[in-house]
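Hi,

Here is the structure I promised to pass on. Please open it first, then read my notes on its cavities below.

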Amino acid sequence: MKKVNWMVVLSGVAVGIAALALSALGNPANMGFCIACFERDIAGTLGLHSAAVVQYMRPEIIGLVLGAMIMALVKGEFRAKGGSSPATRFLLGALVMIGALVFLGCPLRMMLRLGGGDLNALVALLGFVLGIFVGTLFLKRGFSLKRSYTLGTAEGAVLPVLLIVAGVAFLLFPALFKVSEKGPGSMHAPFIVALLIAMAVGAFAQRSRLCMVGGLRDAMMFKDFKLLYGFVAILIVTILGKLALGGLKMGNLTPFKLGFTEQPVAHSAHVWNFLGMALAGWGSVLLGGCPLRQLILAGEGNGDSAVAVFGMIAGAAISHNFGLAGAAGKPAAEAVSLNAKVVILSGFVILLIISLVNLPKEKKA
Amino acid sequence: MVDARGYSCPIPVVMVQRAVKAENPQNLTVLVDEQVCVENVTRFAKASGYSVTVTRDGDDYRMELKK
């Protein structure tokens with residue numbers, strides 16, 4: 001029985017259109033939406049790292065969480081919970097971010113880049129699929145970060161409230177924050193417009209449970225293709241949108257261009273694009289969802305996902321403070337630092353340890 | 001009986017999958033506490049040939065799977 005879940009498709013279409021619109025309105029090319037990049041920019045605007053080109057208070061992150069929270073409240077699905085291995089989740093969030101930033105994009109941006117014809121993203125997708133596959137091997141053997149518990153409502157409000165405060169403070173007292181004057185951080189759609197678009201996307205994503213990791217994971221584990229339709233919808237909308245509108249020179253919406261070279265905010269260090277997204281894929285499976293899904297769950301009151309988001313922001317700061325992020329536009333040989341290579345490989349060891357120690361203890365004969 | 005309360009998806013689905021694989025029960029009770037898990041377990045159960053009835057018990061959902 002193959003029943004297409006139209007809510008997921010609609011959600012994917014909404015994300016695709018939103019990403020095209022946000023690039024046309026000023027966000028960087030092939031980066032209308034990128035959870036990893038935007039959390040990295042937030043880490044930058046807060047002064048947690050000093051990479052001058054990637055600092056901005058991205059309203060998309062705030063909007064996604066708020067949109068999901070409002071929808072969850074309306075549907076009676078908002079529930080504060082937590083306590084499922086929070087420290088491990090923090091670490092996993094950081095590793096997912098470090099892997100994603102070597103490639104220069106979260107799983108969502110990977111699809112947007114692929115939709116724009118950037119074949120480096122295809123290499124990354126192969127790594128992502130492998131990472132998810134490895135993660136599912138442990139899930140099948142009973143891996144879990146243990147159960148969570150219902151908590152006071154205030155716990156579920158921590159991340160949404162912090163983001164609102166940060167957003168309001170940014171608008172009222174911009175001098176307190178660092179803002180890029182050039183580079184990707186300087187390119188952004190108008191704050192309020194981006195906020196509203198992201199809120200709509202967050203609401204859709206809450207309803208449909210859209211997740212870049214979940215689609216491939218469920219297909220591999222249960223032959224359940226529900227979430228995969230959303231993943232494919234994003235790709236199709238992006239390709240069509242770029243073919244149709246890319247020539248109109250709207251903002252930073254670039255035309256569809258197939259190839260490896262001269263792609264926006266990208267590099268062609270294939271081995272490390274592959275391994276970076278393999279790390280992100282495996283880590284995301286252990287977390288239970290991609291970076292986008294973590295934001296949506298945090299909006300639903302999930303404190304464990306909020307901790308993963310904090311971990312991702314910390315991971316972004318570590319990435320830039322230690323020179324781990326991929327260097328956009330550099331030749332393949334120089335795009336990924338030795339530090340990054342060491343950390344990526346160590347990251348796999350850490351994921352393996354986390355995967356093994358969280359398998360069930362008792363074994364049935 | 002699979003008590004998957006407190007677990008986030010896809011773990012509850014994996015727990016049900018493992019229970020079905022191990023014992024292939026005619027009837028299985030599954031407890032979950034998230035709407036999304038009800039949806040996911042239902043999809044998996046139906047694909048595995050079970051009928052599903054769900055009753056809500058406070059914050060929890062009790063799912064009865066029958067072959």
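The largest cavity has a volume of about 200 Å³. Keep in mind that this is a predicted model. The lining of that cavity takes in 22 residues. Closest to the centre are A:Ser84, A:Arg89, A:Leu287, B:Ser8 and B:Ile11.

Which helices of chain A each supply at least two residues of this lining? They are helix 11 (270–287) and helix 13 (303–321). Helix 11 of chain A gives the most, with three residues. By class, the lining of the largest cavity holds ten nonpolar, eight polar and four charged residues.

Now the second largest cavity. Its space comes to about 160 Å³. Here 16 residues form the lining, and A:Arg217, A:Arg293, B:Cys9, B:Val36 and B:Asn40 are the closest to the centre. Several elements give two or more residues to the lining of this second cavity. From chain A they are helix 9 (212–222), helix 10 (226–245) and helix 12 (291–299). From chain B there is helix 2 (35–47).

How do the lining residues of the second largest cavity divide by class? Five are nonpolar, four are polar and seven are charged.

As for the overall count, there are four cavities of 30 Å³ or more.

Best wishes

Definitions and conventions
Residues numbered from 1 in each chain as written. Chains lettered and ligands numbered in written order. Predicted model: local features only at pLDDT ≥ 70, side-chain atom pairs only at ≥ 80, totals over all residues. Heavy atoms only, no water. 1 Å grid on protein atoms, 1.4 Å probe; cavity = no way out; pocket = protein on both sides within 12 Å on 5 of 7 lines; lining within 4 Å. Points joined across faces, edges and corners; volume = space filled by probe spheres on them. Helix = DSSP H or I, 4+ residues; strand = E, 2+ residues; numbered from the N terminus. Nonpolar A, V, L, I, M, F, W, Y, C, P; charged D, E, K, R; others polar.
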